[in-house]
Amino acid sequence: NTDKEKKTEISVKEGGPRKTKWKGIDPVSPVNDKAIQKSLVDFYGIEEGLFDKGNFVTRTPVEKDPKRIYYLSDSLREILAADKDGDIRISSIGVKTFEKQTSSLVTTHYRITQEGLPALLPLMSKQIFRPTLDEFMQLLKERTLVINERPPGLKEEEPLANAEPPKIPGSYIQKPHMLERPGVRDEATLSDMRGVHMGCCIAMMRDEDAERLGFVFKGKPLALSCWRGKITVNLLTTKNETAQILEKFPQLETK
């Protein structure tokens with residue numbers, strides 16, 4: 001980095017909330033909480049250096065945990081760093097990438113938004129699985145897929161003293177009706193899921209499917225924000241967002 005670039009990074013990282021002259025406009029603050037940074041780096045594989053430069057910001061008061069986290073491009077970060085007196089009126093900023101979630105079974109308090117995926121995908125290396133095209137379409141249409149394997153890190157419950165023998169020997173899921181629902185069957189997808197912990201995760205089309213169907217954006221295949229529970233993976237996208245995605249390839253819809 002040049003001396004000018006170093007000064008820009010330091011002013012964003014260490015300066016705390018930006019000054020603002022505008023009443024009713026929340027200040028922009030870098031996400032400096034080391035515990036939050038570590039949870040996002042460890043869980044999603046986010047590049048740690050981006051926090052040091054100040055690319056992730058929030059509009060939540062500094063004494064509280066951020067409700068939402070936004071990602072800034074390097075150019076926007078530099079513009080904000082140069083506005084030391086808060087002359088720029090900022091009503092909205094960056095791309096909303098993370099929202100707070102409350103599940104106690106997940107090691108980070110933040111889930112990824114669908115709108116933030118294009119910005120985040122090139123920056124993350126964990127919590128991604130690559131379903132087959134059939135599985136991807138089933139997820140879009142049904143909004144859920146069953147996974148007949150225990151999520152990594154989920155402790156096995158101790159059997160009760162008078163517990164009945166398993167109804168389905170050798171099966172993680174013991175509810176027959178769940179096994180009848182659309183699920184992950186492909187071995188390569190299951191292999192991916194063995195590295196996906198409970199919590200927010202990303203379903204990303206396989207390269208060959210995305211290229212053949214024209215769903216490559218900024219060098220990355222189409223991806224969906226999801227949530228992995230104990231026995232299912234579920235869409236986090238809204239029904240409207242899902243419908244808009246399905247409209248783009250109606251030729252693949254099945255009855």
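How close do the axes of helix H6 (residues 133–142) and helix H10 (residues 239–246) come, and at what angle do they cross? They come within 9 Å and cross at roughly 140 degrees. The views below start with the whole model and return to this pair.

**Figure 1. Overview of the predicted model.** This is a predicted model, in which local features need pLDDT of at least 70, side-chain atom pairs count only at pLDDT 80 or more, and totals for chains, interfaces and linings use all residues. Residues are numbered from 1 along each chain as its sequence is written, and side-chain values use heavy atoms, with hydrogens and water left out. The protein has 10 helices and 12 strands. Helices (H or I, at least four residues) and strands (E, at least two) are DSSP runs, numbered from the N terminus. Of the 255 residues, 43% are buried. Buried means under 20% relative accessible area, exposed over 50%, and partly exposed in between (1.4 Å probe, protein chains only). Among contacts with a separation of 6 or more, 69% join residues 24 or more positions apart. Contact means heavy atoms within 4.5 Å.

**Figure 2. The antiparallel sheet S1-S2-S3-S4-S5.** Five strands form this open sheet, and the pairing is antiparallel. Strands S1 (29–30) and S5 (110–112) stand at the edges; each has a single partner strand, so one side of each lacks a neighbour in the sheet. Two strands pair if DSSP finds at least two bridges between them. Strand S2 (residues 56–58) pairs with S3 over two bridges. Here Val57 has Tyr70 in S3 as its bridge partner. S3 and S4 pair over four bridges. Tyr71 stands opposite Val95 in S4. S4 (residues 95–100) then pairs with S5 over three bridges. Lys100 has its bridge partner, Tyr110, in S5. Helix H2 (residues 34–44) packs on the sheet and touches S3 (68–71), S4 and S5. The direction of H2 makes about 45 degrees with that of S5. Axes are lines fitted to C-alpha atoms, for helices over the stretch in contact, and angles run from 0 to 180 degrees between N-to-C directions.

**Figure 3. Thr107, between S4 and S5.** Thr107 lies in the loop that joins these two strands. Is Thr107 buried or exposed? Thr107 counts as exposed, because its relative accessibility is 64%. Leaving aside neighbours within four places in sequence, Thr107 contacts Ser39 and Phe43. Leu40 is 67 residues from Thr107 along the chain, yet their C-alpha atoms are separated by 9.0 Å.

**Figure 4. Where H6 meets H10.** At roughly 140 degrees, H6 is oblique to H10. Angles under 35 degrees count as roughly parallel, over 145 as roughly antiparallel, 65 to 115 as roughly perpendicular and the rest as oblique. The crossing is left-handed: the near helix is turned anticlockwise from the far one by less than a right angle. H6 contributes Met137, Leu140 and Lys141 to the contact, and H10 contributes Thr242, Ile245 and Leu246. Four of these residues are nonpolar, one is polar and one is charged. In this grouping, Ala, Val, Leu, Ile, Met, Phe, Trp, Tyr, Cys and Pro count as nonpolar, Asp, Glu, Lys and Arg as charged, and the others, Gly among them, as polar. The buried residues of H6 are Leu133, Glu135, Phe136, Met137, Leu139 and Leu140. Just after H6, Arg143 takes a positive phi of about 70 degrees.

**Figure 5. The mixed sheet S6-S8-S11-S12-S7.** This open sheet has five strands and mixed pairing. S6 (128–129) and S7 (144–146) are the edge strands; each has a single partner strand, so one side of each is left without a neighbour in the sheet. S7 and S12 (residues 232–235) pair in the antiparallel sense over three bridges. Leu145 stands opposite Val233 in S12. H6 packs on the sheet, touching S7, S8 (199–204), S11 (223–228) and S12. The direction of H6 makes about 125 degrees with that of S7.

**Figure 6. Gly229, between S11 and S12.** Gly229 sits in the loop between these strands. Gly229 counts as buried, because its relative accessibility is 14%. Not counting residues up to four places away in sequence, Gly229 touches Pro151 and Met198. Cys200 is 29 residues from Gly229 in sequence and 9.0 Å away in space, C-alpha to C-alpha.
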